[in-house]
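Dear colleague,

I am handing over the structure we spoke about, and my notes on it follow below. Please read them with the model open beside you.

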Amino acid sequence: MGYFYEDLLATVPIFDSLTKVELLQIQSVGKLVTFEAEQEIITEKEEGTSLFIILNGEVRVIRKGDNDTEVILAILKNGQFFGEMSILDGQARSASVIANTKTELFMIQRNDFVDFLYTYPSLSISILKELTKRLRTADMKIKALSMKDAEAKVASIIIQLADEIGKIKNGKLVIEKLPLQVQIANMAGTSRETVSRMLHKFIKLGYIEMEYSKVTILEYSKFKAAYGL
Ligand code: CMP
């Protein structure tokens, strides 16, 4: 206890416009919680009573598909939030959330969070912006999944991952650790073999470079445009 983390809270994009005093107020009603890699933080279909903000670490949002296969809906990292859906509509948790790495989270109870939304309109707008972004990603995926061509399906997942966990290095977008091919296959609604073939095709076409699980997208806009995404 006594661990001062309002500096960490200050790096959270949705808190951008809050003052130090306001951040301290938010800190005073929340709680710091830590999860180890592969621990489940939220369980699909359970009742939701809190919202989480990632201070450190990475999580994956998943739903179980046929035969208990894991379909990754999103990967979230430092500064992002999750658990807002149940808090806002009162329904059960829409998905499970699992820690990919050891993860430190700031946890806020529903009533406190809702109070903050009323008190700080800028916080509400930031949340809406992030939800809009998630809807855009989901729209892109629906479009890609409706296309027959596996190439576009796999490309859309690579683009989603680049948006979520990519970092710009020397002007190029780098995904340090691409999820397993079987996980990408589940996300894209195709087979692992197809994912492998498509990744090789993207390399041949000069869109990406791969080194083990590290992927570099050489020309992001061109890659996106090539598949109408
Ligand atoms: P909630 O339904 O309370 O619990 C699961 C959480 O996963 C959900 O709130 C969102 O925060 C998050 N989530 C669900 N679907 C997506 C998605 N498509 N993209 C990003 N996050 C999601």
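**Strand pairing and the ligand site**

Strand β4 and strand β7 (residues 96-99) pair in the antiparallel sense over 4 bridges, where strands are DSSP runs (E, at least two residues) and helices likewise (H or I, at least four), numbered from the N terminus, and where two strands pair if DSSP finds at least two bridges between them. Within this pairing, Arg-60 has Ile-98 of β7 as its bridge partner.

Please bear in mind that this is a predicted model, in which local features need pLDDT of at least 70 and side-chain atom pairs count only at pLDDT 80 or more, while totals for chains, interfaces and linings use all residues. Residues are numbered from 1 along each chain as its sequence is written, and side-chain values use heavy atoms, with hydrogens and water left out.

Strand β4 (residues 58-64) also pairs with β5, again in the antiparallel sense and over 7 bridges, with Leu-76 of β5 as the bridge partner of Val-59. These two strands, β4 and β5, form a hairpin with 5 residues between them, and Asn-67 in the turn has a positive phi of about 50 degrees.

An open sheet is formed by 4 strands in the order β1-β8-β3-β6, with antiparallel pairing; its edge strands, each pairing on one side only, are β1 (31-35) and β6 (81-82). Strand β1 pairs with β8 (residues 103-109) over 5 bridges, and Lys-31 stands opposite Met-107 in β8.

Turning to the ligand, 14 residues surround it, the closest being Gly-83, Glu-84, Ser-86, Arg-93 and Ser-94; a residue counts as near if one of its heavy atoms lies within 4 Å. The shell divides into 8 nonpolar, 3 polar and 3 charged residues, with Ala, Val, Leu, Ile, Met, Phe, Trp, Tyr, Cys and Pro taken as nonpolar, Asp, Glu, Lys and Arg as charged, and the others, Gly among them, as polar.

Oxygen atoms of the ligand lie 2.6 Å from a side-chain N or O atom of Glu-84, 2.9 Å from a polar side-chain atom of Ser-86, and 3.4 Å from a backbone N or O atom of Met-85. Taken alone the ligand exposes 460 Å², of which the protein buries 90% (Shrake-Rupley method, 1.4 Å probe). The elements that give two or more residues to the shell are β5 (70-77) and α3 (84-89), and α3 gives the most, with 3 residues.

With best wishes

Key
A polar contact is a pair of N or O atoms within 3.5 Å; within protein, one must be able to donate a hydrogen and the other to accept it, and residues adjacent in sequence count only if both atoms are side-chain atoms.
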